[in-house]
Amino acid sequence: RLRSEGGGLSLFQARKKAAKVKFQVQYRTEMGESLRVVGSSPELGAWDINKAPRLKWQSDEGLWACDVSLPCGQIYEYKYVVGNGDTGAALQWQQGNNALLAVGIRDALAAQSAGDKFCLEVLDRWSGPEGSTVVIKKGDQIVQETTREHRLTSWIKDVEDQLEQGSVQVKELQLELASAKQELMSTRQEVVQAREESQKMKELALQSNEKYLTALKEKEKALRQKELVLRQLQLDRFDKE
């Protein structure tokens, strides 16, 4: 399973990591034209051509390319657009349906281990998304050559594995939650018992204090009586003299 292979990286954790994706397409532009890759995510302009990444001319064969950092664990929908270099207005959209590129959990793991050396190189055709290739590279070394369709299938399988693992995790969390609730109930009972014991201690202390005050008052009363007796004896002695 992906969890055992990936050391426990989840879909949520994968989305916190990014992979470098190199978009490439062959197209011969006219003077003053430029190429952009526009798509569904903010990194691809969110379908706003003016915010979309601009490709740079690479060779005389009409190859254009740009590097975009995309969060992993997601599927991206995109197309290439020929724009006016001065105004940025769209002159021509790529033919065919929108292309789908899956950047999955495995890419997050590879990016995590390889760092800046990891890259997904996508080579598209202007005629449409069919026949496009995706090359996974670690530096100059080609790790795997595949297609966007195969990557999409792998992404779906990874998500299904995550959902299956998630159901187990949910059960574990439910057990932990039940245990936590039981501990909370026990803690509350302990707090109630502690309050009751504290109240009893206060009552005993008050009772003890009352007994002490009563004894003190009786002692003071006895002392006053002794003083009165002594005074009376002194008066009787004075009268005799």
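This is a predicted model: local features need pLDDT of at least 70, side-chain atom pairs count only at pLDDT 80 or more; totals for chains, interfaces and linings use all residues.
Student: What makes up the secondary structure of the chain, and how do the elements run from the N terminus on?

Tutor: The chain has four helices and 10 strands. From the N terminus on, their order is α-α-β-β-β-β-β-β-β-α-β-β-β-α.

Student: Why is T146 called buried?

Tutor: Its relative accessible area is 9%. Buried means under 20%, so T146 counts as buried. Of the 241 residues of the chain, 33% count as buried.

Student: What makes the pair T146 and H150 a polar contact?

Tutor: The side chains of T146 and H150 are joined at 3.1 Å. The cut-off for a pair of N or O atoms is within 3.5 Å, and therefore the pair qualifies.

Student: Which residues is T146 in contact with, leaving aside its neighbours within four places in sequence?

Tutor: They are T133, V134 and R151.

Student: What is the strand order of the open sheet of six strands?

Tutor: The order is 3-4-1-8-9-10, and the pairing is mixed.

Student: Why is one side of strand 3 and of strand 10 left without a neighbour in the sheet?

Tutor: Strand 3 (56-57) and strand 10 stand at the edges and each has a single partner strand, so one side of each lacks a neighbour in the sheet.

Student: Where does helix 3 lie, and at what angle to strand 8?

Tutor: Helix 3, residues 105-114, lies across strand 1 (18-26), strand 8 (118-125) and strand 9. It runs at about 130 degrees to strand 8.

Student: Which residues in helix 3 are buried?

Tutor: I105, D107, A108, L109, A111 and A114 are buried. As a general point, an α-helix has 3.6 residues a turn, so residues three or four places apart point the same way.

Student: What share of the accessible surface of the chain belongs to carbon and sulfur atoms?

Tutor: The accessible surface comes to about 16,300 Å², and 52% of that belongs to carbon and sulfur atoms.

Technical notes: Residues are numbered from 1 along each chain as its sequence is written. Side-chain values use heavy atoms; hydrogens and water are left out. Helices (H or I, at least four residues) and strands (E, at least two) are DSSP runs, numbered from the N terminus. Buried means under 20% relative accessible area, exposed over 50%, partly exposed in between (1.4 Å probe, protein chains only). Accessible areas come from the Shrake-Rupley method with a 1.4 Å probe; for residues, only the protein chains shown count as cover. A polar contact is a pair of N or O atoms within 3.5 Å; within protein, one must be able to donate a hydrogen and the other to accept it, and residues adjacent in sequence count only if both atoms are side-chain atoms. Contact means heavy atoms within 4.5 Å. Two strands pair if DSSP finds at least two bridges between them. Axes are lines fitted to C-alpha atoms, for helices over the stretch in contact, and angles run from 0 to 180 degrees between N-to-C directions.
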